[in-house]
Amino acid sequence: LAIVTLLLGTGIRVSECVGLDVQDVDFRNGGIKVTRKGGSEMIVYFGPEVEKALLDYLDLREGITPVAGHENALFYSTQRKRMNVKSVENMVKKYASQIRTLQEKIARVTEMSASIQAQEARNKKMVEAYFAKARAGIKQNRQSSKAAYDYYKSMSGAGYGPNSILD
């Protein structure tokens, strides 16, 4: 992770990265001394994310006993030697394939979420339609009740109400 973070955070070449020694890292100034193509040296500065990744890696690195002649290398391979360009490229390919797999999983979850949201929208429309019909039915019942009441009142005045039987 430190290598990928360093590459992305500084823009250095893989060949420059594998050529770094521990002494090339300057945490006080936030930079690394890089040997460019043609042999010229240059300081490349890094931000807090790269600094944290490097510090975390250096903590892990302390537990590694390197092969003789590789003690100064910043990054070790699984054989405890200085990493080479090919091994970094393979590592980046491995991480990239994991990212693609993760992106595919995220896409599937997003698709499922969209499907669930669509179903919820359909359910909401069905419930709204049900309540609209219920409200229309209640309104119809009120109108029918009012019409019946008005009819009853009109009939009462004409002598056909409940008191007309007693008369």
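This is a predicted model: local features need pLDDT of at least 70, side-chain atom pairs count only at pLDDT 80 or more; totals for chains, interfaces and linings use all residues.
Strand 1, covering residues 25–26, is joined to strand 2 by two bridges, and the pair runs antiparallel. Within this pairing, Val25 is found opposite Ile32 of strand 2. Four residues lie between the two strands of this hairpin, and Gly30 adopts a positive phi near 65°.

Strand 2 also pairs with strand 3 (residues 41–45), again in the antiparallel sense, here over five bridges. Thr35 has Glu41 in strand 3 as its bridge partner. This second pairing is a hairpin as well, with five residues between strand 2 and strand 3. A glycine features here too: Gly38, in the turn, shows a positive phi of about 90°.

Attention now turns to the core. The largest nonpolar core holds 25 residues, and the members that touch the most others are Ile3, Leu6, Ile12, Ile32, Leu54 and Phe75. At least two core residues come from each of helix 1 (2–10), helix 2 (14–18), strand 2 (31–35), helix 3 (48–61) and helix 4 (85–157). Helix 3 provides the largest share, with five residues.

Leaving aside residues up to four places away in sequence, Phe75 is in contact with Ala2, Ile3, Leu6, Cys17, Leu54, Tyr57, Lys81, Arg82 and Met83.

Methods
Residues are numbered from 1 along each chain as its sequence is written. Side-chain values use heavy atoms; hydrogens and water are left out. A nonpolar core is a set of buried Ala, Val, Leu, Ile, Met, Phe, Trp, Tyr and Cys residues joined through side-chain atoms within 4.5 Å. Buried means under 20% relative accessible area, exposed over 50%, partly exposed in between (1.4 Å probe, protein chains only). Contact means heavy atoms within 4.5 Å. Two strands pair if DSSP finds at least two bridges between them.
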